[in-house]
Amino acid sequence: MAGPGQVVVAVEVAGLTFIETQIRRGTDPWHEPPVLPYVPGGLVAGRVDVVGPGVDQAWLGRRVLAWTGETGGFAERAVGSVEALFPAPDGLGLPEAVALYSDGSTAQGLVEYARIRPGDWVLVEAAAGGVGSLLVQLARAAGARVIGAAGSARKLDVVRELGADAAVDYRAPDWTGEVRALTAGAGADVVFDGVGGDIGRAAFAVTARGGRFSVHGAASGAATSIDPAVARRAGVEVIGIDQLFGFGTHVNRWAREIMAEAAAGRVRPLIGQTFPLDRAADAHAAIEQRTALGKTLVLV
């Protein structure tokens, strides 16, 4: 039921992020463990089915993306605030719109903050993931030379298909040596660290002097934290994971920008797997086990 200022969306697509798997497990350091009963899912897409008191009737029947908060998205119908609705662009499918709104806006923000220059060497960790696959494409579009790092032969093939200049397997003992060789010993001018842990620390070590090391994820379980004194000695600007806390006010702008890029054919979201609602647990498992390619979605 829609209350004042709310709508009910007939859900067709529900998004899913790595952080949401941590929230469900109660292991995310920035969120309280969920209180049962709990329905996962925050971002949904579909048509507005019901409008609550004070909501313009013109919303009825419109294709929208809606933010439900941190719960309630994995359902046939979801309630959201009218203030948080984002009209789905014409000519873009709802699955693509969901992928671009969440991962795409994040990638757009990371690229903006990292200030990529033409000719830069850019290292993207988890380059076959939802955010990573878009970072590869956006860095290429900015005129950079891109090295995509991933953890399986299948994912490395995808990274090459996305247009990366090189793909390296970060399971290999000397993968950072390969990065050094590709960059003529200098290292990467920009590193996008979405993995953290040992891989993140190794990637910092191959960031070029004068480069930017941008942290946005912790797929390993721990975000990379670099001592400021170490960063100063290395001559590297560290853009920490706390940058994400300032992204909220820019999400709609970045989403519009990257959706326009997708509509023009310059980028495409990589939707690697979809699951029906009754297999939502399998969707979470695919992300947790790191077998997923690109974006994982639940289709209702």
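Reader: How many cavities of 30 Å³ or more does the structure hold?

Author: Rolling a probe the size of a water molecule over the atoms shows where empty space is left. A cavity here is a set of points, on a 1 Å grid over the protein atoms alone, where a 1.4 Å probe fits but cannot get out. Grid points are joined across faces, edges and corners, and the volume is the space filled by probe spheres set on the points. This structure holds one cavity of 30 Å³ or more, and the largest cavity has a volume of about 30 Å³. The model is predicted: local features need pLDDT of at least 70, side-chain atom pairs count only at pLDDT 80 or more, and totals for chains, interfaces and linings use all residues. Residues are numbered from 1 along each chain as its sequence is written, and side-chain values use heavy atoms, with hydrogens and water left out.

Reader: Which residues line the largest cavity?

Author: A lining residue has an atom within 4 Å of a point. The lining consists of Ala99, Asp103, Gly130, Ser133, Leu134, Pro269, Leu270 and Lys295. By class, four are nonpolar, two polar and two charged. For these classes, Ala, Val, Leu, Ile, Met, Phe, Trp, Tyr, Cys and Pro count as nonpolar, Asp, Glu, Lys and Arg as charged, and the others, Gly among them, as polar.

Reader: Which helices each supply at least two residues of that lining?

Author: Helices (H or I, at least four residues) and strands (E, at least two) are DSSP runs, numbered from the N terminus. Helix 2 (94-114) and helix 3 (130-141) each supply at least two lining residues. Helix 3 gives the largest share, three residues.

Reader: With which residue does Asp103 form a salt bridge?

Author: Side chains of opposite charge can pair when their charged atoms come close. The cut-off for a salt bridge is a side-chain nitrogen of Lys or Arg within 4 Å of a carboxyl oxygen of Asp or Glu. Asp103 pairs with Lys295, the closest N and O atoms being 3.5 Å apart. Asp103 lies in helix 2 and Lys295 in strand 13, so the pair ties together parts that are 192 residues apart in sequence.

Reader: Is Asp103 buried or exposed?

Author: Buried means under 20% relative accessible area, exposed over 50%, and partly exposed in between (1.4 Å probe, protein chains only). Asp103 is buried at 10%, and Lys295 is buried at 3%.

Reader: How many salt bridges does the structure hold?

Author: The structure holds 15. Among them, Asp120 meets Arg117 at 3.9 Å, N to O; Asp120 is buried at 6%, whereas Arg117 is partly exposed at 44%. Arg279 pairs with Asp282, with the closest N and O atoms 2.8 Å apart. Arg279 is partly exposed at 38%, and Asp282 is partly exposed at 34%. Arg24, Arg25 and Glu288 are linked in a network of salt bridges.

Reader: Which residues of helix 9 are buried?

Author: An α-helix has 3.6 residues a turn, so residues three or four places apart point the same way. In helix 9 (residues 280-288), the buried residues are Ala280, Ala283, His284, Ala285, Ala286 and Ile287. Their cover includes helix 1 (18-25), strand 12 (271-276) and strand 13 (295-299). After helix 9 comes Arg290, whose phi is positive, near 60 degrees.

Reader: Where is His216 found?

Author: His216 is in the loop between strand 10 (207-215) and helix 7 (228-234). His216 is buried, with a relative accessible area of 15%. Contact means heavy atoms within 4.5 Å. Not counting residues up to four places away in sequence, His216 touches Leu110, Val131, Leu135, Phe192, Asp193, Gly194, Ile241 and Leu244.

Technical notes
1 Å grid on protein atoms, 1.4 Å probe; cavity = no way out; pocket = protein on both sides within 12 Å on 5 of 7 lines; lining within 4 Å.
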